[in-house]
Amino acid sequence: MITISNGPARWQNGQFVPAAAKEGREGTMAHAILTGHNTSNDPDRLAIRFDAMASHDITYVGIIQTARASGMKEFPLPYVLTNCHNSLCAVGGTINEDDHVFGLSAAKKYGGEFVPAHQAVIHSYMRERYAAPGRMLLGSDSHTRYGAYGCMAIGEGGPELARQLLKKTYDIAYPKVIAVYLTGAPRPGVGPQDVALALVGATFKNGAVKNAVMEFFGPGVASLSMDYRAGIDVMTTETTCLSSVWQTDEQTKTALTLLGRGDSYREMTPADGAYYDGVVTVELDKVEPMIALPFHPSNAYTIKEFKANMADLLHQVDVDAAEQLGVKNAPSLVNKIVNGQFRVDQGVIAGCSGGTYQNLKRAAEILKGCGIGSDAFWLSCYPGSMPINLELTKNGCIAQLMAAGASIRSCFCGPCFGAGDVPANGAFSIRHSTRNFPNREGSKPGDGQISYVALMDARSIAATARMGGVLTGADELPDVPADRADEQWSYDDSAYKSRVYFGVGRPQPQAGLVFGPNIADWPKQIALPDDLLLTVAAAIYDPVTTTDELIPSGETSSYRSNPLRLSEFALSRKDPQYVPRAKAIQSVEKLRRENPAAPEVKEALAGYDPARTGLGSLVMALKPGDGSAREQAASCQRVLGGCANIAGEYATKRYRSNVVNWGMLPFTAGGLRELNLQPGDRVYIPGIRALLEGNGESVQAAVLRGGGETPVTLTLPGLTREERDIILAGCLINYYAE
């Protein structure tokens, strides 16, 4: 089904041959795009300027506030502000809509594009209006992936978008490029999520494509529609790759023409002799309907395999739930096996991965003339955009879904991150969405709640709904409709013309920004002291720590425009004592700056020089940062006085970038399990400012506990000169202010 070759290879005469040298990297599609957007004279150190950017309503207020505080006067490139995350006024009174009003006022003042709530999911909109061959787009959402259109798109934390607004560049080392070679054609009943989950399952745990560009080509591409390609592509984020790009063909050209942008088409394919750092071969005809069990998209099995081993696999989920969520004595999922069948409580087809035209059309065809039943199971369907919704309404698919008992919702990302369709306590939800991280669906383990999400394709979700909630793969149905490679849809953007504010290139400097009472400026941060004495405020020994665990999604994101209020939720579902621990340290540090001779300061410093030594907190995690691009996973730590992270490695580049841009030290260290850092331990780091002023990459630190000292080497591999200067200044805002 999927074969991985980690050795370098060259695409030569229609086949891959081993390669000893890197000659030929200019033959990849990725190289053409990257070099076309590089403003540096160094082909190995890229300084990228993007063609356009997009943000949704969890992130754009902070980005605009950061850029505004750093001197921005107008948007220097097309910037799209969508409102697909905090579309519902579920918590906090007016604060969600207040941010939408702010966003519209910013689009008017600075010259941007504003998409009101319920009009489109951010990535559906960008595919329809901006993605095109050879372009580069940047988004403040981790699933910014438009490779199916030959467009290289990258999801990053907010500070990277603020840099583009300030006419700075996105600076990275030239990435690895991995060929993803597709052969064959999918079987009937096998959808894009099935292919994506198989791919994520094969590549995530071994890091085969981490921080690389995945380049899709091969004869199998021609067997896939544009919706199908986009459904696979958007899930490449879960492999931890940097970006993706696909070869283009007549289907791409037709899709762009239907979108009214046919003149943006150009043919893209690897050149003969193109060099790749590795090869992943996907035999599409061998992929089967898949299920990714809680609590990660890589926890993937074929549905047949799951059914054959239900008791064992569900028992492991029970164990993982107890360990990762801390909910003890929760009802076992094994109890959902009734007469040899697994019964599901909820189905959801939504968002940038699930809410495509083709996915919902297949679901409607599978459910035509059937009812989902009046028992516990229920189904919600969220079209990705108003044009998709309009086309499905015109051709009767929406009516078919409604007649079957499905609930049709607006164009909204909510179920993907816990702001809509939160399952009942103990319920099991199957979803064609992007993630199934712990409690991302909205449950509150701290209150004893637990619910579960498994990822599946829309076709198998519809098949399960047709069977009244009995888990069923779409290939088990006798009449499952096949997907056609030439399946397109008629694009009617009248809803956009009626509601979207199109202000790109037309700033109104005299217009005022509209601030709601919850919108606050970033607290001022101080420059890096000469030495640091940091207290461990949280220590996480899970194999991987997601950004949703660092700062929960769902209702907490409603406070994203108020840094102080949002920081109260930091690590709240993982370590509820993190915030009070960090605040206690922060209060003594504040006193140190005001009155270094205070008794509390002397006690905290344990004899170290108060004029040189700053106090702060740190988070230790083995592999933090998988998942969302939201900068708040780092900024909340900083707002609470965080100065550093210590990790074995960082799960994603985007999280490490967020740590740096918020002025924190992204330390790595070996032997963390043996070192066994615990909350309350302190780490003394001498000469850290001098280290960053120079070019050093390691510092000899000491762990202080129990009256003794344990030496530890902390490293800062790969810090650029600019990253050093940002940390020295205290954060990106300070750096630009200087």
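Reply: Thr240 lies in the loop between α7 and β13 (243-246); helices (H or I, at least four residues) and strands (E, at least two) are DSSP runs, numbered from the N terminus. The model is predicted, so to speak of local features pLDDT must be at least 70, and side-chain atom pairs count only at 80 or more, while totals for chains, interfaces and linings use all residues. Residues are numbered from 1 along each chain as its sequence is written, and side-chain values use heavy atoms, without hydrogens or water.

Me: What is the phi of Thr240 near?

Reply: Phi of Thr240 is near 75 degrees, a positive value in a residue other than glycine.

Me: Which peptide bond is cis?

Reply: The bond from Pro294 to Phe295 is cis, with omega near 15 degrees. Phe295 sits in the loop between β16 (290-292) and β17 (300-302).

Me: How is the packing of α6 and α7 described?

Reply: Two packed helices are described by the angle between their axes and the distance between the axes. Axes are lines fitted to C-alpha atoms over the stretch in contact, with angles from 0 to 180 degrees between N-to-C directions. Helix α6 (residues 192-203) packs against helix α7 (residues 226-234) at about 30 degrees, with axes 8 Å apart. The two are therefore roughly parallel (an angle under 35 degrees). Pro192, Val195 and Ala196 of α6 meet Tyr228, Gly231 and Ile232 of α7, where contact means heavy atoms within 4.5 Å. By class, this contact has 5 nonpolar, 1 polar and no charged residues (Ala, Val, Leu, Ile, Met, Phe, Trp, Tyr, Cys and Pro count as nonpolar, Asp, Glu, Lys and Arg as charged, and the others, Gly among them, as polar).

Me: At what angle do α12 and α13 cross, and which residues make the contact?

Reply: The axes of α12 (residues 357-367) and α13 (residues 386-394) cross at roughly 30 degrees and come within 10 Å. These helices are therefore roughly parallel to each other. Tyr357, Leu360 and Lys361 of α12 touch Ile388, Glu391 and Leu392 of α13. The contact of α12 with α13 holds 4 nonpolar, no polar and 2 charged residues.

Me: How many residues line the largest pocket?

Reply: On a 1 Å grid over the protein atoms alone, a pocket is an open set of points where a 1.4 Å probe fits, with protein on both sides within 12 Å along at least five of seven lines; lining residues have an atom within 4 Å of a point. The largest pocket is lined by 41 residues, with Ile172, Ala173, Asn211, Lys653 and Arg656 nearest its centre. α22 gives the largest share of this lining, 5 residues. The lining divides into 18 nonpolar, 11 polar and 12 charged residues.

Key. Parallel < 35°, antiparallel > 145°, perpendicular 65-115°, else oblique.
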